[in-house]
Amino acid sequence: MTRTNTIIFDLDGTLIHSAPDLQAATNHALGLVGRPPLDLGTVVSFIGNGVEKLVARALVATGSAPPELQQETLVHFLAYYETHSVDLTRPYPGVVAFLEGLKQRGIIMGLCTNKPTAPARDICAALDLAGYFDVILGAEPDRAKKPDPAPLQACCDMLGVEASGAVYIGDSAVDHLTAARAGIKFGLFTEGYLNTPLPVPDPDLKFSDWDDPRLFAFCTQEPTHKPGHSPVN
Ligand SMILES: O=C(O)COP(=O)(O)O
């Protein structure tokens with residue numbers, strides 16, 4: 001019996017540098033509602049809680065943000081992003097080789113993102129990442145978003161694994177908090193979009209480079225399962 005770990009990844013700012021396309025979609029939508037564009041750093045600081053929050057924060061940064069205007073701007077954002085989500089978005093250096101290494105080890109992989117499911121799937125397909133994941137779980141209107149643990153728990157359920165046998169890899173305090181609430185070990189990629197202080201305790205691992213051998217060791221170590229639970233084969 002081969003014991004395998006299960007690794008679940010965040011998407012934006014973790015596997016992919018997507019901020020330039022998110023900035024373009026944000027500025028396109030802002031322009032259509034008569035607002036000025038935002039610089040990249042400002043848009044990066046708004047990423048992590050889903051596109052609704054990104055749009056709302058962009059409106060607040062450029063004026064008022066009444067609910068009807070948020071909805072209108074979100075529609076413009078999504079319409080643009082549907083066909084411009086991979087103009088500039090690319091995996092971070094070393095990501096594809098890392099995923100390939102885990103795949104060779106037979107490790108189960110999933111994706112859990114606050115990005116809506118459709119663009120998350122489109123981006124993964126366009127960047128040849130989709131084949132690595134048994135589950136791609138994006139934001140859905142009827143499910144709470146991270147940092148609520150529900151999406152990560154749903155991802156574990158869909159993968160058929162216990163949270164205690166999984167690891168979540170992300171780039172933000174939102175991801176860290178989500179993992180802590182779901183009872184999942186957490187690895188922090190420090191070169192992503194971390195823009196708010198991390199909650200305590202510290203992540204189980206911090207890394208800045210996908211080639212870091214400590215990361216591969218962290219993701220391939222023997223999982224620790226809750227007593228009485230059968231490990232995934
Ligand atoms: O859409 C967002 O705000 C961020 O998505 P993420 O969960 O992949 O970081």
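Me: In what order do the strands of the open sheet run, and is the pairing parallel or antiparallel?
Reply: The order is 5-4-1-6-7-8, six strands in all, and the pairing is parallel. Strands here are DSSP E runs of at least two residues, helices are H or I runs of at least four, and both are numbered from the N terminus. Two strands pair if DSSP finds at least two bridges between them.

Me: Which are the edge strands?
Reply: Strand 5 (135-139) and strand 8 (205-207), each pairing on one side only.

Me: And the twist, what does it average?
Reply: 20° from one strand to the next. Angles run from 0 to 180 degrees between N-to-C directions, with axes fitted to C-alpha atoms, for helices over the stretch in contact.

Me: Before I go on, what are the ground rules?
Reply: This is a predicted model, where local features need pLDDT of at least 70, side-chain atom pairs count only at pLDDT 80 or more, and totals for chains, interfaces and linings use all residues. Residues are numbered from 1 along each chain as its sequence is written.

Me: Ligand next. How many residues surround the ligand?
Reply: 13, the closest being L11, D12, T113, N114 and K115. Near means a C-beta atom, placed from the backbone, within 6 Å.

Me: Which element gives the largest share of that shell?
Reply: Strand 4, with three residues.

Me: Why does the ligand lie between the two domains?
Reply: Because domain 1 (6-17 + 90-220) and domain 2 (19-84) both give residues to the shell. The bounds come from an automatic or database domain assignment.
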